[in-house]
Structure formats: C-alpha cells, structure tokens
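Q: I have a protein model open and I would like to learn how to read it. Could we go through a few features together?

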Amino acid sequence: MSDSMRVALYARVSTDMQAEHGKSIAAQLRETRQYAQQRHWQVVSEYVDPGFSGTTMDRPGLQALFTAAEHQTFDIVLVHELSRLSRRLFDTFAIFEQLGQYHVGFASVNDQNFDFTSPTDRLFLTFLAALNQYYVDLLKMHTRKGKLERARQGLYNSSTPPYGYRHTGTADTPPEIVESEAVAVRQLFERYATGKYSYQDSAAWLTDAGYRTRAGNNFSKDTIADMIRNPFYKGYIRYNQGAHSQETAQLFPGQHPALVAEEVWERCRQIREQRRTAPRTYQPSYRVYLLNGLLACDVCGRALRAQGTPT
C-alpha cells in the first residue's frame, strides 16, 4: 500500500449515546487516527456529526464529506465501525455508491470485512455501487407495479385525497365525500362548464364565497386548474407514472363515489381544450386601468379589479 494515501476520518454519535464509554466522537477519532498511523496513511480531513442519528442521510458532516470526495481531496474514508456511517442498509449502499463513483476507498477499524482500500477493493466497491443501483431500480419497478395495481383496483395512491373527500378506515378503503367541501366542488365545475369563467375567476369566486384550502389559504388559479383536470371527481383513478402528461395517463374506474356528473366533467374538458388551442388573435383583449391593483376593499382587504364590457 502506498504511503501517500490520503484519508478522511468520519465520526458520528447520536444524542442518546453521547455519554456511553468508548462511543464518543473523541474516542472514535483517536482510534481511527491510530489505525491510519499504523498504515502510514496521511489524515487530511476529519468530519463529525455529533448528535445525529445513523438512520438519516441528512447530516452536515456526511454531506460535507461527499462534497470533498467529489473533488478528490482524499483517497479513503475511514470510520470506527460501519454503524457510525449508517444504520440503514439501503443508506449504506447509497453511500458506497457515491464513494464508488468518486473512486474513493472505504475502511472500518472494527469491521475488517469492509476494507476497500486497495485498487482491486475499490473496483469491487464500484461493482457494489452498481448492484445497489440495480436494487434501487428494482424497488422502484415494484413500487410502480404496486401503485398501478391499486389504480386498477380503483384505489387512490396518495395519502391525501382531493378537496371534497376524506380518507376513512384503512388504505384499502375508498375515500368518502365531505359534503361541506363537495358543494363548492360541484358548483365550481358547473360554473366552469358554462365557458364564462377562467381559472382565476373561479379562484376568486371560491375565495369570495368563504371557501379555503385545507391549509387555510385562498384558492389559486393553479389549484383550480388541477381540480378541473382531475378525473377523480367523475369517479376515476388516474395513474400517470411515466406518462408525458395528464392527458396521456391511464384511467381506471374508482371505488369512490363521483362528485361531478360525467357530462359536466366532459364539458369542462372540452372548454379546457378549446382554450388551450385557441389562437392568440381570438383570445379576449383586456384594457389596462390606471388604478388597477391600487384600490382595496375596506371589508375583506382584497385588491379591486376593473373590467369593462362592450356596449
């Protein structure tokens, strides 16, 4: 082994282990320094995460180590034991994956089987990183299959159902209608189906009527656009994993009750399509008023808007 190997030390201890003998940051660094000295390795940096759990990757010391590894400032990462690096299997593989990509070796004082310091061992670390990526991709594939199967069964995949519904029972129980919200949803679709109102008009109408989102905020035009496009309201589950747009997503009959009649939802879809494809020359023009946005209602505080109509 070359005497010029540059080593970065990493130490971590969670809050509940701070007082345990031999587990402190100082104890870990002392043993890793001795380990490096015995092998004539040059310690060039030390990264520590005191009071951080090994079950999360969101650690400042670990993230700083990754940044330094990317810039090739050291050749080996050395820890006291593997659990100091991570306590989760997939996180450990993810760390190995990054080190393998940066051609950085890894060693543990108390886990001799995890010694990837020689060129051959570091090559194996690269293979290990590739294997981890394979398992990650495999997990994603199974997750997609599971979500698609739920959609085929008419079950919603999100933990938060659309406005107008709420979850009851287990994850395999379809959402039920919240009547206090459903009134607003039905009127929203019926108004939009007339072709007289835009997303912004609809958002202003809901706000003026006293409705708020579940977060307590005013409805925005983007929120209204998502609601108008959502086939959940007509009783369908949309599965758009891998789809290029919402229009190309797969639809499956849902187990939940519909809030909007099929013909009303279809009329809204037609209006959306007409407005999307309408030439700019045919879109309505608006006059600019000097006091637009400067005046406010003394009751609700909202900005007043002006609009004229031809006579």
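A: Gladly! Keep in mind that this is a predicted model. Let's start with valine 43, which has a relative accessible area of 30%.

Q: How should I read a nonpolar core?

A: In soluble globular proteins, nonpolar side chains tend to be buried together. Here the largest nonpolar core has 29 residues, and those with the most contacts inside it include Val185, Phe189 and Met227. Helix 6 gives the most to this core, 6 residues. Methionine 227 touches Val185 and Phe189, among others. Apart from this core lies another, of 20 residues, among them Tyr10 and Phe74.

Q: And how do I read a pocket?

A: Rolling a probe the size of a water molecule over the atoms shows where empty space is left. In this model, the second largest pocket holds about 550 Å³ of space. Helix 8 and strand 7 each give two or more residues to its lining, and strand 7 provides the largest share, 4 residues.

Q: What kinds of residues make up the lining of the second largest pocket?

A: That lining divides into 11 nonpolar, 8 polar and 4 charged residues. Tyr156 and Arg238 are among those nearest the pocket's centre.

How values were computed
Residues are numbered from 1 along each chain as its sequence is written. This is a predicted model: local features need pLDDT of at least 70, side-chain atom pairs count only at pLDDT 80 or more; totals for chains, interfaces and linings use all residues. Side-chain values use heavy atoms; hydrogens and water are left out. Buried means under 20% relative accessible area, exposed over 50%, partly exposed in between (1.4 Å probe, protein chains only). On a 1 Å grid over the protein atoms alone, a cavity is a set of points where a 1.4 Å probe fits but cannot get out, and a pocket is an open set with protein on both sides within 12 Å along at least five of seven lines; lining residues have an atom within 4 Å of a point. Grid points are joined across faces, edges and corners, and a volume is the space filled by probe spheres set on the points. Ala, Val, Leu, Ile, Met, Phe, Trp, Tyr, Cys and Pro count as nonpolar, Asp, Glu, Lys and Arg as charged, and the others, Gly among them, as polar. A nonpolar core is a set of buried Ala, Val, Leu, Ile, Met, Phe, Trp, Tyr and Cys residues joined through side-chain atoms within 4.5 Å. Contact means heavy atoms within 4.5 Å. Lists of a residue's contacts leave out its neighbours within four places in sequence.
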